[in-house]
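Please keep the structure open as you go through the points.

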Amino acid sequence: MKVVLVTGLPGVGKTTIIKEAMKRINFTYINAGDIVSSFLKMDRDKILDLYIKSPSLYRKMQDILKKAIKKRAKGLTIVDTHLLFYKNNILIPGVTRDFVNNLNVRAVTYIYAPPKLILERRKKDKRKRPEININDLEKWLTLSMNMLIPILFEEKIVKIIENIELEKAVNEFIEFVTSL
Ligand SMILES: Nc1ncnc2c1ncn2[C@@H]1O[C@H](COP(=O)(O)OP(=O)(O)O)[C@@H](O)[C@H]1O
């Protein structure tokens, strides 16, 4: 079992890259957000508010997520998740140290795009996404990239993939995950 996390801000293109890569190589795909929202039967944005109010629920969900991934993981397993949640200057870790080590994560990919592009993509997206201003998005981007450093201290490899041109990003993603 080889677990690779795919992270990056919502709207940067994680799902698009993974779905394209899936047409070309074999892997198990797990979307952490889908597991959590189907378990709590709730909108993603509301879940964040719940976590802020209840740290114990947050811990419980980390546990549920870990178990669900362990059960489904097979061969190369790509987990679409977040390093950091951000709302109104409140920060919540997307993954914990225990999550990274317990699942034996091999590497973390960080999908990057300039904040202006992310904002444009979020606006065009059919999926309704919460409004966010460029200032908050820039802050979130900086903070989420800072979360890559603690990942390095857990002795995991980090790969940054720029998603400006989709085809180039998909090729880079495939090359990286198949090289592990
Ligand atoms: N390289 C790209 N160029 C243009 N649009 C893109 C690119 N990558 C993703 N998108 C678009 O951006 C939006 C968000 O992508 P999505 O994969 O849902 O992001 P995430 O999974 O990171 O939240 C989608 O409408 C998608 O079609």
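1. Where is the place of asparagine 89? Asparagine 89 sits in the loop between S4 and S5. Keep in mind that this is a predicted model. Asparagine 89 is not a glycine, yet its phi is positive, at about 65°. With a relative accessible area of 52%, asparagine 89 is exposed, because exposed means over 50%.

2. Asparagine 88 belongs to the loop between S4 and S5 as well. Its phi is near 45°, a positive value in a residue other than glycine. Most residues other than glycine have a negative phi. Asparagine 88 is exposed, and its relative accessible area is 62%.

3. Please look next at the ligand. There are 14 residues around the ligand, and those that come nearest are Gly11, Lys14, Thr15, Thr16 and Asn163. Arginine 129 places a polar side-chain atom 3.0 Å from an oxygen atom of the ligand. On its own the ligand has 570 Å² of accessible area, and the protein covers 76% of that.

4. Threonine 81 is found in the loop between strand S3 (76-80) and strand S4 (84-87). Neighbours within four places in sequence aside, threonine 81 touches Leu5, Val6, Thr7, Gly8, Lys14, Ala32 and Val95.

5. Helix H4 spans residues 55-72, which makes 18 residues. From its first C-alpha to its last, H4 reaches 26 Å, close to the 26 Å expected at 1.5 Å a residue. The buried residues of H4 include Leu57, Tyr58, Met61, Ile64 and Leu65, and also Gln62 and Lys66. What do the buried residues of H4 pack against? Their partners are strand S2 (28-31), helix H2 (32-40), helix H3 (44-53), S3, strand S5 (90-93) and helix H5 (97-102).

6. How many aromatic pairs does a search of the whole structure find? The search gives 2. In one, the ring centres of tyrosine 51 and tyrosine 58 are 5.1 Å apart with the planes at 80°, so this pair is edge-to-face. Both partners are buried: tyrosine 51 has a relative accessibility of 8%, and tyrosine 58 has a relative accessible area of 11%.

7. The pair formed by tyrosine 86 and tryptophan 140 has ring centres 5.9 Å apart and planes at 25°, so it is stacked. Tyrosine 86 lies in strand S4 and tryptophan 140 in helix H7 (residues 134-146), so this pair ties together parts that are 54 residues apart in sequence. Tyrosine 86 and tryptophan 140 are both buried.

8. Finally, please find alanine 21 in helix H1 (residues 14-22). Alanine 21 counts as buried, at 0% relative accessibility. Beyond its neighbours within four places in sequence, alanine 21 is in contact with Phe27, Val170, Phe173 and Ile174. Alanine 21 and leucine 57 are 36 residues apart in sequence, and their C-alpha atoms are 34 Å apart in space.

Technical notes:
Residues numbered from 1 in each chain as written. Predicted model: local features only at pLDDT ≥ 70, side-chain atom pairs only at ≥ 80, totals over all residues. Heavy atoms only, no water. Helix = DSSP H or I, 4+ residues; strand = E, 2+ residues; numbered from the N terminus. Contact = heavy atoms within 4.5 Å. Expected span 1.5 Å × (residues − 1). Buried < 20%, exposed > 50% of the residue type's maximum accessible area, 1.4 Å probe, protein only. Near = heavy atom within 4 Å. Polar contact = N/O pair within 3.5 Å; in protein donor to acceptor, adjacent residues only side chain to side chain. Areas by Shrake-Rupley, 256 points an atom, 1.4 Å probe, with all protein chains shown as cover. Phe/Tyr/Trp six-rings, centres within 6.5 Å; stacked < 30°, edge-to-face > 60°.
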